Amino acid sequence: MKGYTWRISLILVFIIASFVYLTPTLVDTLPSWWSGLLPKDKIHLGLDLQGGTHLVMGVETEKAVEGSLDLIATDLEDSLTQQNLRYKSIARVGNDKVQLTLYDRSSADTAQALIKKKYPDMQTLPATDEGGFIGMQVRINEKEAQVRKDRAVAQALETIRNRIDQFGVSEPVIQREGLTNIVVQLPGIKDPKRAIDLIGKTARLEFKLVDETINAATATASGLPADDELLYEKKTDATTGAVSETPIVVKRKAIITGDLLTDAQIRIDSQYNQPYVAIDFNSTGARLFDQVTAANVGKRFAIVLDNNVYSAPVIRERISGGSAQISGSFTEKEAADLAIVLRAGSLPAPVKILQNVTVGPSLGKDSIHKGLMAGLIGVLLVVGFMAIYYKICGMVANFGMVLNILFLMGALSALGATLTLPGIAAIVLLVGMSVDSNVLIFERIREELRLGKTPHAALDSGYDKAFLTIMDSHVTALITAAVLFQFGTGPVKGFAVSLSLGIIINLFTSLVSTKVIFDAYLERAHVKRLSI
Amino acid sequence: MELLRNTNIDFMGLRKISFIISGIVAIVGILGVIAIGRGTANMGIDFSGGIAMQVKFNQPVTTQGVRDALSKGGIHEVELQEITGGNQILVKMHKSEKSAQNVEDALKQNLAGNAFTVESSTEIGPSIGEKLKKDTLIAVALSMLGIILYIAWRFDFKFGVGAVVATMHDVLAMIAVFYVLHKEVNILLITAVLTIAGYSLTDTVVVFDRIRENMHKSLKDPMFVIFNRSINETLSRTIITSVTTFLSAVSLYLFGGEVINDFAFALVIGVLVATYSSIFVASPIVALWEKSSETPEAKAA
């Protein structure tokens, strides 16, 4: 067979590429001539193999209870207004009560009935007369508060998991510790600070109308009307890095909140080459946004995240269709992180970092060493077996297997994928599959030789007949791996990455790499007997 | 060198025995799955949570040293992580096994020369939450469906079902062994099971491929004869591949150390059942199915 030059060149290119990508992993210090274009990243190892950042985060569960009381207060305001009941004020007091102040006894009774109906779990304290007004308190009981705290931690755990998944740290360990803490272990990441920022951001997104009647520059927090608040817009100068703060007075009540979002994506403004975050609302959010923008054309709308104003653009026209954008002076990374936290949802309560230490691998260095030795012994046993059983042909198969492992390592490194113990299991399976493809081919060749074919003919028809079998067995395995990759999380995903890459690589080595050796050999030497 | 040549074993004739064995194994496996689902099996920390202790020693320690000390004190299934700087070790262990006090006692007794303080000791939740469990199950179900569809397209629907049944059989068999021996169910077992599922499929597809080839070659032969011939023809390949994979798995089991011992053990079991199932489970199911569908035609003719 002619034309094996291109196959040999292709294999050589792959070998060189694999070595280039593996160099940072194999060499401790890169030589000075290793230019900026060449890869510098070591192969990523999972937590089980290399350890990583160990964070203990405390969820401020009190805040979650306060937050839900705030919601109840807002909801009561709306309900009372709808029923045309006049009230003086409704607000949360302390961390377990909502205080209502009403004008007369009869509306207090109506309000009480309403609360009983809407919030049967809440405890209403008897109304008191307070200098002409009727004061009333609603208290959340201990048990109910505990339920909410518990739910807040569970929800925070899920949100953090979502964020880390989207950030792209594979193989994190995320678990609950004690009543209020969450432990997160991230395998050796390059930029732990960025990850911590991302995990710790509460990401409470609110859209608030700017109160233009008050001069923000001279306003003080105490001198504002009750329904206004003073916030700051932080801007970082791109060249000097200086942070400037512009005060803005906004309405306390948020018109739209982040829970009405369905999606957030980073986009680049083609005109100014500035990144921004495009957001989409669900139907309720879209309707609200449409109404609010229609009613407030010409006014400013502040986009507030965790009480910082990102931007406060003027509403130029009614915006319908349920999408908007958040622009601000951020870098591409910041915009990408913002999109992630918005997509993953806000934390039900703020979190505090309680402990941040570096931990060793969860398997222990000793075990990893043993595991690698055992793997090596296994490979050597297989190599020995193949060499004895199939003689020279077996050695060709062994060469193919080594190529497989080399290519897979190179590919893992090039793609920035994570290698874990499950990933190593996938490699063991790959060694099996690599040997299997060759065994299939060799057994076919032996069958053909028994039928009296020449070595050359036996080889060609052996490869031909085994081809479909190899395809079928690889495609079925690839289906499993691809689905696991798509839907699996954590360690299962790491396994799927190694496995699917391995399958594709093995298809190439078993059908192209080993074949070309036989072809080249049979071309040059006149072979009477095949060593098989 | 050649191990086998021109064997002529009546595999189909053995199907009654093999079906009984597989049936029992599968039932035990299903019991195991139910136990895992209800959390009554020996669930690892990944699934059930446990106790996390942060221990600070006065002098440097190794994870192996701590592991040995704990193991002498009767605490075997622990996860140890070094905390960089300050001779600290993070000990995670199963809630039901021993209490934090037992850990302290074991360390005091067996690491006598090295005083320590327990910095913190808290209960931790599972690292694999409900959602993760559900996602993985959905993924497995979808991949099984994908395989049935692919094999149905490349071969025949019956073959697709046969391959999936054989794979499920192997998964159940591995779970059955772990359940009966009361070994710990953790993320490594799940990985081993997935690995073997992939291996088992490959093994089955290879046998099926030869069956298909022979079915096209000799249309007149009875189904069982074709199936038997195909399995015999691929037998040497099946055995060689199993032997090589078995060698890798056994070396992991013998030399891999205690942490991956169970994992390697699962692989060893898996290779054995996967080889068995492609011959004794997948093929007979398809053969019986093919046979029952060819009978009416035979009658008509």
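The exercises below, each with a worked solution, concern a predicted model of chains A and B.

Local features need pLDDT of at least 70 and side-chain atom pairs count only at pLDDT 80 or more, whereas totals for chains, interfaces and linings use all residues. Residues are numbered from 1 along each chain as its sequence is written, chains are lettered from A in the order in which they are written, and side-chain values use heavy atoms, with hydrogens and water left out.

**Exercise 1. Describe the interface of chain B and chain A: how many residues are in contact, and what area is buried?**

Step 1. Contact means heavy atoms within 4.5 Å. By this rule, 70 residues of chain B touch 71 residues of chain A.

Step 2. Buried area is the accessible area (1.4 Å probe) that two parts lose on being put together, summed over both. For chain B and chain A it is about 6200 Å², with 63% from carbon and sulfur atoms.

Step 3. A polar contact is a pair of N or O atoms within 3.5 Å; within protein, one must be able to donate a hydrogen and the other to accept it, and residues adjacent in sequence count only if both atoms are side-chain atoms. There are 22 residue pairs in polar contact across this interface (both at pLDDT 80 or more).

Step 4. Helices (H or I, at least four residues) and strands (E, at least two) are DSSP runs, numbered from the N terminus. Elements giving two or more residues to the chain B side include helix H7 (187-217) and helix H8 (223-255) of chain B. The largest share, 14 residues, comes from H7(B).

Step 5. Sorted by class, the chain B side has 31 nonpolar, 23 polar and 16 charged residues. Here Ala, Val, Leu, Ile, Met, Phe, Trp, Tyr, Cys and Pro count as nonpolar, Asp, Glu, Lys and Arg as charged, and the others, Gly among them, as polar.

**Exercise 2. How many salt bridges does the rule find across the interface of chain B and chain A?**

Step 1. The rule asks for a side-chain nitrogen of Lys or Arg within 4 Å of a carboxyl oxygen of Asp or Glu. Over all chains it finds 38 salt bridges.

Step 2. Across the interface of chain B and chain A the number is 5.

Step 3. B:Arg237 forms a salt bridge with A:Asp436, with 2.5 Å between the closest N and O atoms. The pair joins two chains, because B:Arg237 lies in helix H8 of chain B and A:Asp436 in helix H10 (residues 421-450) of chain A.

Step 4. A salt bridge also links the side chains of A:Asp472 and B:Arg212, at 3.3 Å from N to O.

**Exercise 3. What do domain 1 of chain B and domain 2 of chain B bury between them?**

Step 1. With bounds from an automatic or database domain assignment, chain B is divided into domain 1 (12-42 + 128-300) and domain 2 (50-124).

Step 2. The C-alpha centres of these two domains of chain B are 41 Å apart.

Step 3. In chain B, 4 residues of domain 1 are in contact with 4 residues of domain 2. The two domains of chain B bury about 360 Å², 38% of it on carbon and sulfur atoms.

Step 4. Between these domains of chain B the rule finds 0 salt bridges.
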